[in-house]
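Visitor: I have a protein chain on my screen and would like a guided tour. Could we take it step by step?

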Amino acid sequence: MSAVLDKNKKLYTKVFVIELALIIIIYVLLGLLQSVSSLSFLLGALIACLPQVFFVIYVFYWHAAARVEDKLKVLYQGEIIKISLTIILLLLVFININLNPILFFAGYFCLILLNNLLPFVLRIDPMQKSRN
């Protein structure tokens, strides 16, 4: 089980580094075009990314040594925390910040899409591609 967790830790580290790099690149490009609206994209992307980062830290680092019987419980606890954190961040942003909703949700959904697709793309074995 330890080898599987180590492999997933490395995978999600790569995923988060790629996501962070893409957030920064798109934020800078939008900042050059529309400096006021680029904050909306950044906030949407961060609200999608931060709860997922917290979930991975909670499951793979803080509770990595949990007993096998408690693994499912830890996953559910992590999901509850992730969803709660997402709701709190969304409320804080919508109540306190005037933003462009189109760019905000574009950033949010782009990060959710990346967060779901990147682990699968990064798991593909390059040697397997060359054999086909």
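Guide: Start with a term: pLDDT is the predictor's confidence in each residue, from 0 to 100. This is a predicted model, where local features need pLDDT of at least 70, side-chain atom pairs count only at pLDDT 80 or more, and totals for chains, interfaces and linings use all residues. Residues are numbered from 1 along each chain as its sequence is written, and side-chain values use heavy atoms, leaving out hydrogens and water.

Visitor: What is the mean pLDDT of the protein chain?
Guide: Of its residues, 88% reach 70 or more. The mean for the protein chain is 84.

Visitor: How many helices does the chain have?
Guide: Helices (H or I, at least four residues) and strands (E, at least two) are DSSP runs, numbered from the N terminus. The chain has zero strands. Along the sequence the pattern reads α-α-α-α-α. The number of helices is five.

Visitor: In which helix is confidence lowest?
Guide: Confidence is highest in helix 3 (residues 71-96), at a mean of 91. At the other end, with a mean of 58, is helix 5 (residues 126-131).

Visitor: What share of the residues is buried?
Guide: Buried means under 20% relative accessible area, exposed over 50%, and partly exposed in between (1.4 Å probe, protein chains only). The chain has 132 residues. The buried share is 33%.

Visitor: Which residues does Ile 23 touch?
Guide: Contact means heavy atoms within 4.5 Å. Residues up to four places away in sequence are not counted. That leaves Phe 41, Leu 42, Ala 45, Cys 49 and Leu 111.

Visitor: Is Ser 38 buried or exposed?
Guide: Ser 38 lies in helix 2. Beyond its sequence neighbours up to four places away, Ser 38 touches Tyr 27, Leu 30 and Gly 31. Because its relative accessibility is 3%, Ser 38 counts as buried.

Visitor: And which residues are in contact with Ser 37?
Guide: Ser 37 lies in the loop between helix 1 and helix 2. Its relative accessible area is 16%, so Ser 37 is buried. Leaving aside neighbours within four places in sequence, its contacts are Asn 100 and Leu 103.

Visitor: Why does Tyr 27 count as partly exposed?
Guide: Tyr 27 lies in helix 1. It counts as partly exposed because its relative accessibility is 31%.

Visitor: Which residue forms a salt bridge with Lys 82?
Guide: A salt bridge is a side-chain nitrogen of Lys or Arg within 4 Å of a carboxyl oxygen of Asp or Glu. The structure holds one. Lys 82 is buried, with a relative accessible area of 17%. Its partner, with the closest N and O atoms 3.4 Å apart, is Glu 79.
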